[in-house]
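Good morning, colleagues. I would like to take a few minutes to go through one structure with you, with attention to its aromatic rings and its strands.

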Amino acid sequence: MKINKSILIFIAIVSSQLNIYTQTFDSSDLYFEEAKKDIAEQNFTKAAKMSWRGLQISPEDLDLKTLSGKANMQLGRYDTARYVLKQVYNRSKKDIDVLGYLVSIEQTTKRYSDAICFVNELLEITPYSRNWWMRKIIIYKEMGNFEEAERSLKRLYEIYPEDTAIKQDYNYLMLDDGTSAVKNKNYDDANQIYTTIIDNDPTNKLAYQGIISNELLKGNPEYALQYTNRALLELKDDRELIEKKIGLLETLGRHEEAIVYIKTDIDKTQFKDIHETTLPFLMQQSASFNEYNDPYEINKKLSDLNGNSAAVDYVVNNAMGKGYYIDAEYQLNKAIKRSPNSKKYLVKQMQLYKAMQNEEEYEKSVLALHEKFPTDTDITYAYNKLMYDIGKNYILGRQYSLASPIFEDLVSSPDFQKLAEEQIFGILLEQEKFDEATDQIDKLIGLEPENPDYLLKKSTLYQKMELFDDALNITRSLEQSYPLNQRYPLLYVGQTEAYATYLMREQRYKAVIPIVEDGLTRENNNKRLLEIGINASSAIPDYEKGINYSKSALSFYPNNKTFKLKLSNLLAQNKQFDESIAVLDSLETIYKYDRKIKNSLAEVLWFRARNQEEEGLIDEALINYNTSDSLNPSESYSLQRMINLYIIQKPHDEALAVINEKIEKYPNDTFLKYKKGLVFELKKQYDSAYYYQKFREIDNPYERTQWNLNLETLKAEELENQLAITYLQATSDSIAFSTSLASMSYSKVDGDNTYGAAVNYAARRQGVGVQGGLNYSRIFSETLYANGGFLVGTQFFPKFLVYGNAYKGLNNGYQAQAGLSLARLQNDENYYTLSVGGSKSWEDISLNAKVSLMNTDAPFPVRDNRGNIVTETFIDSNGSLQVRTLTTTNNFFFTNFMVQSRINVNARKDYFSIIISGGNAPFDQQLEFQENTFLNFNNIMVGAGYKYHLTAKTSMLIDGTWINFQSNQDVRNSTIEELVYTNQYNLSITIITKF
């Protein structure tokens with residue numbers, strides 16, 4: 001059977017595509033390179049697939065996420081692209097490419113507000129980027145916000161004033177403004193706009209046409225003709241402008257001038273129709289006038305014939321009145337040539353230049369006239385007006401050093417004194433010379449004390465000087481003086497806004513409230529003041545007041561999302577959690593997918609959970625922390641608080657189960673892995689603790705180094721054997737006393753059991769003492785463990801010592817402990833001790849307190865009434881007469897209270913410890929071999945110690961104590977005659993190593 005060729009081709013293509021899409025790699029880097037190549041080849045479908053596969057291997061690879069986002073964007077999968085790219089953006093907010101893709105996605109999906117936000121971030125990174133400014137303008141136009149588009153374009157033109165394309169767009173924008181001004185009959189504003197465009201672009205035909213039309217609407221055909229002539233200087237061969245000039249000359253009845261213009265200035269070949277049609281028509285119109293019957297023409301000829309002054313005056317006055325500036329200039333030039341010093345004609349020439357708006361010639365003319373005729377009133381006025389205008393132009397150009405001398409000279413002119421003083425004040429204000437500006441405004445007020453504008457300027461000056469109380473006093477006075485003028489209440493409210501904003505910036509929150517209240521009495525729905533009042537109340541904090549402000553704001557703006565969010569936050573801060581959640585629920589019905597609302601609800605639940613945690617409602621707090629984390633997984637504060645609470649308050653296995661569950665949800669969360677390591681450390685599973693605590697992220701290089709040392713120390717905890725060697729030296733400054741003690745102990749960890757042995761050695765003048773024994777400890781559960789031991793000794797030590805202690809962990813880092821011990825001394829006296837205590841642990845600090853109660857029956861000699869020891873004689877077994885002391889057994893009860901604190905000083909858990917105790921039995925565990933430990937004497941002990949890790953396996957512990965105790969007393973007739981106190985100093989060094 002013959003197979004169709006096209007079917008074979010189709011099968012081959014499908015096979016190749018299947019081969020491509022079944023490509024697999026072991027490394028995410030290979031997927032990245034493949035996806036990158038596919039992007040370059042514009043094979044976006046495959047690129048999306050390759051990047052997705054790469055992310056299965058490395059879910060947090062930002063480069064793969066960027067490629068995935070770009071590919072999905074090109075494929076029109078905008079939601080997927082947005083989701084992936086925002087993950088990259090949250091980790092790398094300065095990535096220009098990612099921000100650019102997000103702008104394209106949000107613009108394409110018409111989420112213009114988000115697009116503008118991303119463009120603004122790009123402009124913060126690249127503030128002079130022409131492309132992003134243009135993109136911002138386009139987005140504003142698409143969303144119909146032409147006001148912001150215009151503002152952005154003006155800003156772009158300020159940055160690139162020489163860019164041709166931007167200048168063109170700016171000019172078109174200005175043309176629109178000019179058209180709007182004409183429609184609103186703001187003809188002067190329109191002229192100013194068109195003039196600005198022409199100054200920027202002298203060849204802009206539309207601007208010329210706009211100003212010509214504007215002058216015609218104003219009824220000024222002569223001015224329209226002047227601008228037409230100016231346009232033709234730049235656009236000599238423009239047909240529309242040529243025809244406009246001819247039409248204007250015809251309208252003004254200046255047919256002859258139009259005829260001359262056509263014959264001399266218009267190219268006959270290029271504008272053949274004008275010469276063949278328009279010219280004959282104009283000549284026919286001109287023929288209807290009898291030049292010999294026109295007084296103007298007659299006087300022109302008389303002036304040309306003999307320079308008749310009356311004829312010259314007539315022609316000049318009429319020409320200027322009718323806008324025949326060429327005729328007027330011609331006649332004046334001839335007259336001045338005949339009479340160079342004629343004041344009349346020189347003044348006329350000055351007036352002509354002003355009418356022609358020839359600023360350069362007008363300025364020269366005024367200066368020359370003022371020099372020739374300095375006492376002439378009109379010329380002096382013109383000169384002062386010219387200088388005033390020059391000074392104002394300097395101010396516009398911020399050339400204050402050039403403007404100031406001009407206005408200082410004009411102050412002496414009565415016509416310009418007030419205006420000049422005002423300009424001087426403005427200059428001082430702009431230069432922020434506030435003291436001089438204050439003197440200047442006081443001078444103006446002195447000129448016109450009742451002028452409210454000057455008082456207003458002074459109020460504004462005080463506001464700029466941040467003397468807000470003085471500014472408000474002036475404005476308040478103006479309000480009272482002019483109760484019908486709404487300008488002053490509006491200014492007053494604006495000043496309260498500025499004052500309140502200033503106080504907020506200075507963090508003087510309590511002072512803000514009266515200012516806000518003052519402003520709201522005039523404008524109770526002022527959004528800005530209400531917002532400041534809310535923020536200030538929150539910062540004080542005065543949550544009730546903030547809630548009232550929020551409710552007031554919502555009474556005026558019931559659908560304002562921002563005010564509802566602020567109300568919700570304040571209710572949460574005030575522990576009105578149910579009301580806070582109700583507010584957010586009302587918002588969620590309107591803004592179902594608004595992330596900000598979900599985040600706010602997560603924050604409220606976090607506040608509620610923290611409050612429940614403080615009240616001891618641990619289970620409820622954990623539920624709310626978990627819900628908060630679910631609502632806003634991008635923020636880790638709820639998750640972290642919940643995990644820490646589980647570790648502190650719950651059994652280790654339960655905490656570990658929760659952490660494992662969260663790790664499945666957030667597999668790359670290093671915080672969770674680190675906390676998992678902490679739980680393993682608490683469970684004394686040090687190998688797992690070491691593995692997971694390595695995931696902790698620390699940016700500071702020094703802290704990272706210290707943490708690595710801590711990890712090595714943690715790793716050493718895995719070692720089962722420990723050996724400790726101690727040397728202790730005890731001395732006194734009260735008696736000739738010095739002794740020492742050497743100790744060695746060994747322990748081995750076997751699961752939950754620890755076995756140990758210890759030996760103590762002491763040597764004195766009387767001989768050598770040795771004590772040795774075994775000890776054992778066991779962990780029964782996460783919160784319960786115990787230890788015990790038995791020691792026997794020779795002289796200087798008890799004959800034997802047996803002890804046992806139990807420890808029980810409680811909530812919130814608390815632990816209870818209890819212990820019993822029995823010590824039999826070498827004289828066979830027994831001492832029974834009960835110890836009870838507790839401890840509290842924080843992150844790096846622990847505090848331990850213990851009370852010891854000791855009891856013994858000790859023999860004491862019998863004394864008579866004089867205090868002498870009573871003896872008796874007896875015959876021993878050998879028949880010898882012996883003397884012995886009569887004794888009686890007394891029961892003694894001893895107490896001691898001890899407080900000890902330990903402070904970790906670094907990540908390796910080196911620590912500093914302090915201890916203090918007091919009672920009638922010294923508390924020093926290192927001196928239990930001394931007999932005087934058990935004497936019934938009051939004592940106080942203070943001490944300190946430091947443990948330092950020499951290496952991860954070996955550490956050194958130095959302890960020092962100072963004991964002050966009553967060592968002897970002289971008792972006579974049952975009265976203590978003398979007390980003796982002794983200072984004893986103990987210093988020990990211990991080396992501890994694990995292997």
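I shall begin with the aromatic pairs, then turn to charges over rings, and end with the strands. Please keep in mind throughout that this is a predicted model.

A search of the whole structure finds 20 aromatic pairs. Let me take Tyr755 and Tyr776 as an example: their ring centres are 5.4 Å apart and their planes are at 40°, a tilted arrangement. What does this pair tie together? Tyr755 belongs to strand E3, residues 753–764, and Tyr776 to strand E4, residues 767–781, so the pair ties together parts that are 21 residues apart in sequence. As for accessibility, Tyr755 has a relative accessible area of 41% and is partly exposed.

A second pair is formed by Tyr831 and Phe894. Here the centres lie 6.2 Å apart and the planes meet at 35°, so this pair is tilted. Tyr831 is in strand E8, residues 830–841, while Phe894 is in strand E12, residues 887–904; the pair thus links distant parts of the chain, 63 residues apart. Are these two residues buried or exposed? Both Tyr831 and Phe894 are buried.

Aromatic residues also gather in a group: Tyr381, Tyr388, Phe407 and Phe416 form one cluster.

I turn now to charges over rings. The charged end of Lys245 sits over the ring of Tyr261, 4.0 Å from the ring centre. Arg902, in turn, lies over the face of Tyr911, with a distance of 4.1 Å to the ring centre.

Finally, the strands. Strand E5, residues 784–793, and strand E6, residues 800–809, run antiparallel and are joined by nine bridges. Which residue of E6 is the bridge partner of Phe790? That partner is Val802. E5 and E6 form a hairpin with six residues between them, and in the turn Phe796 has a positive phi of about 75°.

E6 is also joined to strand E7, residues 814–824, by ten bridges, and these two strands run antiparallel. Gly804 has Leu820 in E7 as its bridge partner. E6 and E7 likewise form a hairpin, with four residues between them, and Asn812 in that turn has a positive phi of about 60°.

Thank you for your attention.

Conventions: Residues numbered from 1 in each chain as written. Predicted model: local features only at pLDDT ≥ 70, side-chain atom pairs only at ≥ 80, totals over all residues. Heavy atoms only, no water. Phe/Tyr/Trp six-rings, centres within 6.5 Å; stacked < 30°, edge-to-face > 60°. Buried < 20%, exposed > 50% of the residue type's maximum accessible area, 1.4 Å probe, protein only. Lys NZ or Arg CZ within 6 Å of the ring centre and 35° of its normal. Pairing = 2+ DSSP bridges.
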